[in-house]
Amino acid sequence: MATPTAVDVVMPQMGVSVSEGTITKWLKQEGEEIQADEPLLEISTDKVDTEVPSPGSGVVQQILAQEGETVPVGQRIAVIGAAGAEVAEETPPAPATQDAAAEANAAASAETQIPTDQGVEEPVPAAVEPQRAEEQPAPPPAPAQEPVDDGATNGKSFVSPVVARIASEHGVDVSQVPGTGRGGRVTKKDILGFVESGGQAAPAPAQPEAQPQAAAPAAPPEAPATPQQPAAPTPPPSQPAPAAQAPQPAAEAQPGESEEPMTAMRKGIAEHMRRSLDTSAHVTSAIEIDMSRVVAIREKLKPEYQKGYGVNPTYLIFVARAVVETLRDYPWINGEIRGDKIVTRNYANLGFAVELADGKGLIVPVVKHAEGLNLLGMAQAVTDIAERARNKQLTPDEVQGGTFTITNPGGYGTFHGTPVISQPQAAILGTYAVVKRPWVIQDELGKDVIAIRPIMNLTLTYDHRLVDGALAGRFLQSLQQKLETWGESDY
Amino acid sequence: MPELTYLQAISDGLRGEMRRDKRVFVIGEDVGVYGGAFKVTLGFQEEFGPWRVLDAPLAETAIVGGCTGAAIMGLRPVAEMQFADFISCGWDHLVTVAAKQFYRAGTPVPIVVRLPSGGGFSGGPFHSQNPESSFAHIAGLKIVCPATPEDAKGLLISAIEDPNPVLYFEHKHLYRRIKSEVPEERYTTPFGKARVHREGEDITVVTWGAMVYTADEAAQQLEQDDVSVEILDLRTIIPWDRQAVLESAKKTSKVMVLHEDTRTGGFGAEIAATISEEAFEHLDAPIKRIAAPDTPVPFSPPLEKAFIPQVEDVAAGLRELAEY
């Protein structure tokens with residue numbers, strides 16, 4: 001269906017931590033027709049490179065940001081207009097409606113009505129036009145003004161429910177916030193702007209929540225990188241005064257060194273890693289798992305899975321299944337610290353760290369509602385997202401909303417690590433190489449014997465603010481038990 | 001996809017269901033030989049015969065009562081009130097019997113009553129009302145108010161499928177004025193799922209029926225002042241999409257409820273009350289209601305314009321909210 005009115009295309013939110021995106025390519029130019037959901041442009045953000053589908057059908061009326069430009073999430077980057085409206089309105093909807101507005105204000109003459117009729121004709125039942133003309137002599141704004149004055153009397157002192165809530169959540173003194181509402185009232189926008197700008201007037205001891213924001217200035221490391229990109233026409237997005245960082249960028253490449261620009265993804269990773277370490281109290285515990293049963297069952301399932309479904313029952317899949325089962329009993333490990341609250345959930349969205357080709361980056365696609373998947377379902381889901389992550393086909397939805405993450409650096413034989421938590425989650429599980437090791441077990445007589453067993457190390461890196469060491473230990477033990485006693489029919 | 005008017009989309013959905021399901025039949029005043037007062041069932045009697053397209057006497061009680069009985073016996077009646085206003089004659093059958101039969105006796109009453117409603121053409125007090133709120137208060141009835149041709153078809157099919165009595169309010173002002181692409185194939189539009197008619201950040205307008213277009217025009221005016229207005233078209237009043245309304249209210253923190261029905265006890269009051277109960281701490285301004293005054297619908301054209309909320313009224317209300 002044709003979009004009845006102009007639709008704005010905005011820079012989409014590609015991940016919780018992502019605040020801006022770079023336009024890499026416009027797939028449609030101004031004046032071209034486009035259908036809803038047809039790819040309109042390609043963007044690159046620090047998490048995902050992806051195509052952005054058109055939010056409506058019609059004609060690309062205006063492109064407001066050029067290729068190479070970096071714009072904040074939510075900013076208008078294009079306008080899709082009604083299919084019929086096309087090029088004449090390329091200097092877009094504004095004229096038509098401006099006429100209408102001008103007309104309304106300036107008790108229109110007969111001539112100005114003609115353009116109005118044309119301009120508004122599209123979505124409007126024609127019968128409405130004459131009414132407007134009749135109503136102009138008596139401008140309706142009049143009644144609206146009275147309450148404005150009334151409001152002024154209590155304007156400054158009245159705090160609306162939403163403003164009160166935001167103020168208490170952020171520990172802001174509302175009287176310190178400049179108000180732009182009726183009679184100087186502080187509006188929601190006012191206080192949100194105040195909080196976002198770091199609450200200039202609030203030098204009071206920063207609330208815990210303020211920290212993530214305080215981390216934002218840590219972004220200036222981007223500043224040095226940008227100037228070195230010769231072709232980048234983008235001014236570094238509003239970096240107030242990163243004076244402290246100033247000395248670093250001065251360093252230039254020395255003989256024998258070479259430079260390359262940091263990709264948006266690398267900058268994003270850098271910022272997130274630093275911020276995570278600044279936010280959570282990272283502690284790592286490790287456990288050794290005897291994978292004998294999993295190895296045996298995996299051997300059995302492998303041909304069936306490969307032939308029937310084209311997927312591989314990797315060790316990772318078994319671990320992921322066991323993790324989902326275990327998380328159910330440890331809600332805090334699947335939880336999050338949000339402000340001064342602890343959030344837990346009745347579902348598990350599992351993130352999987354996926355390496356992109358040549359070590360050029362890392363992305364963490366999320367399998368949503370993993371608690372609803374059996375072993376095969378998990379294998380299919382993980383195969384699918386990993387493949388699409390490598391082919392850059394993930395949608396923004398698929399890289400956010402994770403509640404727990406698994407990273408698997410064991411592919412290269414490493415047996416231990418201390419990964420960094422993906423914020424705002426509470427923990428991350430590392431899986432390592434399965435190695436044959438001499439292992440002390442008990443024989444049927446209860447005597448100790450040495451056997452050769454496939455052993456895998458697991459690490460849980462957790463946020464000690466929320467998760468105590470004993471809890472982490474019990475979680476790992478419970479995970480160990482599930483994996484070591486995996487039954488034929490468990491899936 | 002073919003472009004259909006709102007009226008053609010209703011016909012299209014109804015015809016399709018009659019072809020598909022022999023239990024579906026139509027009954028109403030002048031729906032047969034004459035094709036209906038608004039020609040929704042034009043050609044139906046030729047195609048389906050006089051036993052499935054029944055001309056009824058001028059007795060809404062008999063129409064709704066007959067439908068209730070037929071539904072209990074297993075048919076899927078679709079009744080047409082010539083004007084929604086006349087439904088009051090069928091109140092007893094609808095409210096006392098049809099709405100409560102399943103609760104009382106366990107027998108479903110899958111009837112649809114089509115109700116051409118709304119003003120804007122000087123129809124006077126008997127041919128212009130939007131009585132949806134009166135029935136929203138009756139447990140056991142479902143209430144549908146499509147605003148677009150696509151929804152008109154999809155919601156009608158859902159209404160016929162639904163095992164409950166459904167009141168289907170079709171707005172006369174939209175019949176031939178609104179035209180858009182409608183899928184040819186059969187599809188259903190779910191009840192209780194609002195449609196975002198226009199996305200915005202600063203103010204939410206919750207509305208339905210013809211007022212969706214009034215709100216949209218007002219929103220275009222506000223866009224000039226850099227105020228972005230979100231319009232939620234509820235599509236169905238019972239059940240209504242509380243979640244979508246609450247989410248949008250939480251996003252914008254300023255809400256206008258707009259309807260063509262009169263103000264006191266109008267369904268907008270229910271919406272406003274729910275928002276203040278469940279999203280109070282997200283509000284940045286009082287919830288604003290724009291509705292018709294508490295009078296019968298006037299016949300005189302200037303008075304009728306003063307009665308039905310106009311674009312300028314809505315725009316003024318939106319400005320007030322924006323400036324609050």
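Modeller: Start with H7(B) and H11(B). These two helices pack at an angle of about 50 degrees, and their axes lie 8 Å apart. An axis is a line fitted to C-alpha atoms, for helices over the stretch in contact, and angles run from 0 to 180 degrees between N-to-C directions. The model is predicted, so local features need pLDDT of at least 70 and side-chain atom pairs count only at pLDDT 80 or more, while totals for chains, interfaces and linings use all residues. Residues are numbered from 1 along each chain as its sequence is written, with chains lettered from A and ligands numbered from 1 in the order in which they are written.

H7(B) is therefore oblique to H11(B). (Under 35 degrees is roughly parallel, over 145 roughly antiparallel, 65 to 115 roughly perpendicular, and the rest oblique.) The crossing of H7(B) past H11(B) is right-handed.

Now the residues. From H7(B) come B:Thr214, B:Ala215, B:Glu217, B:Ala218, B:Gln221 and B:Leu222. They meet B:Val311, B:Val314, B:Ala315, B:Leu318 and B:Ala322 of H11(B). (Contact needs C-beta atoms, placed from the backbone, within 7 Å.) By class, this contact has eight nonpolar residues, two polar and one charged. (Ala, Val, Leu, Ile, Met, Phe, Trp, Tyr, Cys and Pro are nonpolar; Asp, Glu, Lys and Arg are charged; the others, Gly among them, are polar.)

(Helices, H or I of at least four residues, and strands, E of at least two, are DSSP runs numbered from the N terminus.) B:Leu318 is buried, since 26 other C-beta atoms lie within 10 Å. (Buried means 20 or more such atoms, exposed 12 or fewer, partly exposed in between.) Which residues does B:Leu318 touch, not counting residues up to four places away in sequence? From H7(B), B:Ala218 and B:Leu222 are part of the helix contact, and both are on the list of residues that B:Leu318 touches. The list also has B:Ile203, B:Val227, B:Val229 and B:Met256. Take B:Val229. Along the sequence, B:Leu318 and B:Val229 are 89 residues apart. In space, their C-alpha atoms are 8.5 Å apart.

Next, follow the chain out of H7(B). Helix H7 covers 211-224, and a loop links it to strand E11 (229-233) of chain B. B:Asp226 is found in that loop. Its phi is positive, near 70 degrees, and the residue is not glycine. B:Asp226 counts as exposed, because it has 8 C-beta neighbours inside 10 Å.

Move on along the chain. B:Arg235 lies in the loop between E11 and E12 of chain B. Phi of B:Arg235 is also near 70 degrees, again a positive value in a residue other than glycine. Is B:Arg235 buried or exposed? B:Arg235 counts as buried, because 26 C-beta neighbours lie inside 10 Å.

Strand E12 spans 236-238. The peptide bond joining B:Ile238 and B:Pro239 is cis, with omega at about -5 degrees.

Helix H3 (residues 60-72) and helix H4 (residues 91-105) pack at an angle of about 15 degrees, with axes 9 Å apart. H3(B) and H4(B) are therefore roughly parallel to each other. Their crossing is left-handed. On the H3(B) side, the contact is made by B:Thr61, B:Val64, B:Gly65, B:Thr68 and B:Ile72. On the H4(B) side are B:Asp92, B:His93, B:Leu94, B:Val97, B:Ala98 and B:Gln101. The classes here are five nonpolar, five polar and one charged.

Finally, step back to the whole chain. Chain B has eleven helices and 14 strands. Of its 324 residues, 58% are buried. Take contacts in chain B with a separation of 6 or more: residues 24 or more positions apart account for 79% of them. Chain A has 13 helices and 18 strands. There, 33% of 491 residues count as buried.

Methods: Left-handed = near helix turned anticlockwise from the far one by under 90°. Contact = placed C-beta atoms within 7 Å.
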